[in-house]
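Subject: Handing over a structure and its notes

Dear colleague,

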Amino acid sequence: MIAEQLQQVEERIRRACQRCGRNPEEVTLIAVSKTKPVEMLLEAYQEGCRCFGENKVQEITAKYDQLPEDISWHMIGHLQRNKIKYIIDKVAMIHSVDSLRLAEAIEHEAAKRELTIPVLAEVNVAEEESKFGLKVPEVLPFLEAVAKFPHIKVQGLMTIAPYVENAEENRSVFRQLKQLQVDIAQRNIDNIHMDILSMGMTGDYEVAIEEGATMVRVGTGIFGARQYAI
Ligand SMILES: *Cc1c(COP(=O)(O)O)cnc(C)c1O
């Protein structure tokens, strides 16, 4: 089942790229495996998946030990400062850096271990109350401050678009994040790179790709619906 769903997602990524004249190799699929057992991740791994997205520190550390070493783990959920130390040497990228205090704490932990951590600035484009992320006007001052941290490499921007029935409703959100990426890139800030746009989930990744996503985070579309313990 996972093999088929994965193929379907990959096919839809290819077609979305075709529609807008992009090379599918520009788009990295992150298989969002939160709440799913390692057996399911292994199945996706056997089908070629090497990038997995998780939103909980404990889940990353547990799965990390049980799965092959050539997996790139992407932290996509809200990160508490006191938990950075558990994952800092395990993750390929932190997508959810949304405050200077968090960035400072990452810098501190990374310096201790002589690591440089690739991160994305999380932007709450739609300014939803329920979501984390910087507001659009906060992003530039944030990046100007983070640029001075030698153990953090900002690689781009991430957003979680609102939950909508029709993916088209999120097109303007994705377009705004793309525009912000272009605006920031033009400033050529030292140590600030704008190569990555992490946007689009199961319901809207094709629209996100049409608007310039270079990473899409797809969970339900690959692994099926999640059941949360009550
Ligand atoms: C859960 C999650 C996803 C994947 O959501 P689906 O709708 O299941 O594809 C993507 N990004 C983040 C930040 C998430 O927490």
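To begin with the ligand, one of its oxygen atoms is 2.4 Å from an N or O atom in the side chain of threonine 202, which falls within the limit for a polar contact (a pair of N or O atoms within 3.5 Å; within protein, one must be able to donate a hydrogen and the other to accept it, and residues adjacent in sequence count only if both atoms are side-chain atoms). Please keep in mind that this is a predicted model, in which local features need pLDDT of at least 70 and side-chain atom pairs count only at pLDDT 80 or more, while totals for chains, interfaces and linings use all residues. Residues are numbered from 1 along each chain as its sequence is written, and side-chain values use heavy atoms, with hydrogens and water left out.

Arginine 217 also takes part, with a polar side-chain atom 2.8 Å from a nitrogen atom of the ligand, and a polar backbone atom of glycine 219 lies 2.8 Å from an oxygen atom of the ligand. On its own the ligand has 390 Å² of accessible area, of which the protein covers 89% (areas by the Shrake-Rupley method with a 1.4 Å probe; for residues, only the protein chains shown count as cover).

Lysine 63 belongs to helix H3, residues 57–66 (helices, H or I, of at least four residues and strands, E, of at least two are DSSP runs, numbered from the N terminus). Lysine 63 is buried, at a relative accessible area of 5% (buried is under 20%, exposed over 50%, partly exposed in between, with a 1.4 Å probe and protein chains only). Its side chain reaches the backbone oxygen of serine 33 at 2.9 Å. Leaving aside residues up to four places away in sequence, lysine 63 touches several others, including Lys34, Glu54 and Trp73, where contact means heavy atoms within 4.5 Å.

Glutamate 127, in the loop between strand S5 (117–122) and helix H6 (136–146), has a positive phi near 50° and is partly exposed at 45% relative accessibility. Asparagine 191, in the loop between helix H7 (171–186) and strand S7 (192–198), has a positive phi near 70° and is partly exposed at 29% relative accessibility.
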